[in-house]
Amino acid sequence: MLMIRPNFDTLYDALLNRDPAYDGRAFVGVASTGIFCRLTCPARKPKRENCTFYETVSECFDAGFRPCKRCKPTAPEASADPVIRTLVAELERRPGYRWGEPDLRRMGFDPSTVRRTFKRHFGMTFLEMARQRRLQEGFSALAEGGKVIEAQISAGFESPSAFRDAFAKILGQAPGAFSSNPLLKADWVSSPLGPMIAIADQSQLHLLEFLDRKALPTEVKKLQRNASGSLGFGRTEITDQIQEELTGFFDGNRGAFETPLALHGTPFTRDVWRELIKIPAGSIRSYSDVAKALGRPEAVRAVARANGANQIAVVIPCHRVMGADGSLTGYGGGLWRKQKLIELERGYRAGAV
């Protein structure tokens, strides 16, 4: 997430004009393609609503984007170190290959040195970068209607069981358990705070969670049961809408969301979530504040449980609720994300955006 000047309009103009002054200083992630580029990329320019700007390559990877094969956005940082230059080139050549430390040793590299060097340049290790690329390749193949075996090959997994295990850790069940003609569709959604999974039908968003949320597998299984097994891979207009709105939110241009939501919970839980939606961006409430607003001042603990059960992150802003003493308290997506969201929203004023 680009937290300093230049602003969005300046960077978008630089992208349109392929301004070399910004080469390496900022990168653009394109929601419609899942690719990130240098601002001087010769490819056709994306619509502004599909663009999010980042300061580093690491942020682009964390948001779920893949590097462009035309402008090679990793090259400026990689060129400074022969180890990185070689391995990034290999990763771009074989994005689905299952890399391991023995591969690094065979190429004459010390794994610990590679780990430190990539961490310093990109904020992640080479093996983490390679694994993320493989999973993205597989998920993209499934979302585009590919068969499980095709997605397995795209993701570079040598065996179906390894591919199923990887997806089971993320979504709680193997790819083969998903419907080929689904009512609910799951797809990868990018954000500056890391990749997210969105599950939607043709009219509502049912789930939006960060990929590493521990409760994600359980939440996906619950939706699978509620949909009578009709959950699969792919995008809907709702998925595109929430991606566009998230881009605007993280760019500081949109403080509220309009995507229709499907709320799965008890009547009280749904009431809590609706109350959370009323909290303006940039504002903070305590659990007791929410309980009082509901006319249930004694239900502070129940409010906290409902807050923790939220499965539509950011849009239902449970991150805007803190402890009575101002402490961050728990957040399913990680306290560091809660802090980042609060910092981002300081730029908003109630009703201004």
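The protein contains 15 helices and ten strands, where helices (H or I, at least four residues) and strands (E, at least two) are DSSP runs numbered from the N terminus. This is a predicted model, in which local features need pLDDT of at least 70 and side-chain atom pairs count only at pLDDT 80 or more, while totals for chains, interfaces and linings use all residues. Residues are numbered from 1 along each chain as its sequence is written, and side-chain values use heavy atoms, with hydrogens and water left out.

Of the 353 residues in the protein, 54% are buried; here buried means under 20% relative accessible area, exposed means over 50%, and partly exposed lies in between (1.4 Å probe, protein chains only). Among the contacts (heavy atoms within 4.5 Å) with a separation of 6 or more, 61% come from residues 24 or more positions apart.

Helix packing is illustrated by α12 (residues 267-277) and α14 (residues 300-308), which meet at an angle of about 75° with their axes 9 Å apart. Axes are lines fitted to C-alpha atoms, for helices over the stretch in contact, and angles run from 0 to 180 degrees between N-to-C directions. The helices α12 and α14 are therefore roughly perpendicular to each other, on a scale where angles under 35 degrees count as roughly parallel, over 145 as roughly antiparallel, 65 to 115 as roughly perpendicular and the rest as oblique. On the α12 side the contact is made by F268, T269, V272, W273 and L276, and on the α14 side by A302, V303, A306 and N307. These residues divide into seven nonpolar, two polar and no charged, with Ala, Val, Leu, Ile, Met, Phe, Trp, Tyr, Cys and Pro taken as nonpolar, Asp, Glu, Lys and Arg as charged, and the others, Gly among them, as polar.

Turning to the aromatic rings, those of Phe, Tyr and Trp (its six-membered ring) pair if their centres lie within 6.5 Å; planes under 30 degrees apart count as stacked, over 60 as edge-to-face and the rest as tilted. By this rule the count comes to eight aromatic pairs. In one of them, the ring centres of F8 and F53 are 5.2 Å apart and the planes stand at 70°, so the pair is edge-to-face. Because F8 belongs to helix α1 (residues 8-17) and F53 to strand β3 (residues 51-54), the pair ties together parts that are 45 residues apart in sequence. Both F8 and F53 are buried, and together with Y12 they form one aromatic cluster.

The ring of Y12 also has the charged end of R48 sitting over it, 5.2 Å from its centre; the criterion is NZ of Lys or CZ of Arg within 6 Å of the ring centre and within 35 degrees of the ring normal. R337 likewise lies over the face of F210, at 4.1 Å from the ring centre.

Several loop residues complete the picture. R18, in the loop between α1 and β1 (27-30), has a positive phi near 50° although it is not glycine, and is partly exposed at 39% relative accessibility. K72, between β4 (66-67) and α3 (75-78), also has a positive phi near 50° and is partly exposed at 38%. Q202, in the loop between β6 (196-200) and β7 (205-210), is exposed, with a relative accessible area of 54%. Leaving aside neighbours within four places in sequence, Q202 contacts K185, T236 and I238.
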